[in-house]
Amino acid sequence: RDETPVQALIRELDEELSGVSFGEPRFLGTYQHRAAEAGQRITVELFTAELQGNPVPCSEIEEIVWFSCESDDWSELAPSLREKIFPDLLTRGILQA
């Protein structure tokens, strides 16, 4: 597809979460890390936006799980979240532990 990262974000939210609208996305950073699949690498362009409504999973999303950074068990998270993204967001004060 020929789309910007913001256009991809809007499309993905529309396809995979029903019942929500969202405010203006704000770019937080680009992260490259190993994927959960062996030998694969991913690039994540991370945005934040305020969601309004109650998200309902659809399309390829099976369930929504709320996660607290205060949790001691990050083992269920993707490697990119566990090892790179969450630690960076905590260091930058974007997430609070």
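User: Which residues lie nearest the centre of the largest pocket, and how many line it?
Analyst: Leu17, Leu46, Val65, Leu81 and Phe86 lie nearest the centre, and the lining holds 36 residues in total. A pocket here is an open set of points on a 1 Å grid over the protein atoms alone, where a 1.4 Å probe fits and protein lies on both sides within 12 Å along at least five of seven lines; lining residues have an atom within 4 Å of a point. This is a predicted model, in which local features need pLDDT of at least 70 and side-chain atom pairs count only at pLDDT 80 or more, while totals for chains, interfaces and linings use all residues. Residues are numbered from 1 along each chain as its sequence is written, and side-chain values use heavy atoms, with hydrogens and water left out.

User: What is the volume of the largest pocket, and what classes of residue line it?
Analyst: Its volume is about 1800 Å³, counted as the space filled by probe spheres set on grid points joined across faces, edges and corners. The lining has 26 nonpolar, 2 polar and 8 charged residues. Ala, Val, Leu, Ile, Met, Phe, Trp, Tyr, Cys and Pro count as nonpolar, Asp, Glu, Lys and Arg as charged, and the others, Gly among them, as polar.

User: Changing topic: which residues form the largest nonpolar core?
Analyst: It has 8 residues, namely Leu28, Tyr31, Leu46, Trp74, Leu77, Ile85, Phe86 and Leu89.

User: What is Trp74 in contact with, leaving aside neighbours within four places in sequence?
Analyst: With that exclusion, Trp74 is in contact (heavy atoms within 4.5 Å) with Phe67, Cys69, Arg82, Phe86, Pro87 and Leu90.

User: And how do S2 and S3 run, parallel or antiparallel?
Analyst: Strand S2 (residues 26-34) and strand S3 (residues 41-48) run antiparallel, joined by 8 bridges; pairing requires that DSSP find at least two bridges between strands. Gly29 stands opposite Leu46 of S3. The hairpin has 6 residues between the strands, and Gly39 takes a positive phi near 80° there.

User: Where does Leu51 lie?
Analyst: Leu51 lies in strand S4 and is partly exposed, at 38% relative accessible area. Beyond its neighbours within four places in sequence, Leu51 is in contact with Val20, Ser21 and Phe22.

User: Finally, what is the order of elements in the protein?
Analyst: From the N terminus they run α-β-β-β-β-α, with 2 helices and 4 strands. Buried residues make up 22% of the 97 residues.

Methods
Core = buried A, V, L, I, M, F, W, Y, C linked by side-chain atoms within 4.5 Å. Buried < 20%, exposed > 50% of the residue type's maximum accessible area, 1.4 Å probe, protein only.
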